[in-house]
Amino acid sequence: MILLGAILLAVFVLPPVWGFAAVVGAAFVEVAETVFWIRLSRRRRIQVGPEALIGARGEAQTACRPEGHIRVHGELWQARCVEGVDPGEPVRVVAREDLTLIVEPADDASR
């Protein structure tokens, strides 16, 4: 956007020497900004799959005594809960085994 403004200024307002300097300066700012945002976006790895669910909170959909189903981030997962939970109770994912999530009851206050 800055580059477009500099080009318009160079064509319609500024003398040729200053117009050239404005366009070069604006091009430099645009390139620097693009490099900055690309580097910033690549700082963290993307987290996907079941390993990204550890620590997430969800809700039991079926009785989980010891196995059942829970909903985490809008997805339905098979789960194992040693302590047992009833449908509708909040749970927290503590680990995973293949595609089965190991969960424990979560506090209502921390939800």
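Select Cys64: it is buried, with a relative accessible area of 0%. Buried means under 20% relative accessible area and exposed over 50%, with partly exposed in between (1.4 Å probe, protein chains only).

This is a predicted model: local features need pLDDT of at least 70, side-chain atom pairs count only at pLDDT 80 or more, and totals for chains, interfaces and linings use all residues. Residues are numbered from 1 along each chain as its sequence is written, and side-chain values use heavy atoms, without hydrogens and water.

A disulfide is a pair of cysteine sulfur atoms within 2.5 Å. The structure holds zero disulfides.

Next, show strand E4 (residues 90-97). Strands here are DSSP runs of at least two residues, helices (H or I) of at least four, numbered from the N terminus. Two strands pair if DSSP finds at least two bridges between them. Strand E1 (residues 57-60) pairs with E4 in the antiparallel sense over three bridges. Select Glu59: its bridge partner in E4 is Pro90.

Move to strand E5 (residues 100-105), which pairs with E4 in the antiparallel sense over six bridges. Ala95 stands opposite Ile102 in E5. E4 and E5 form a hairpin with two residues between them. Click Asp98 in the turn: its phi is positive, about 55 degrees.

Finish at Phe12, in helix H1 (residues 2-12). Phe12 is exposed, with a relative accessible area of 65%.
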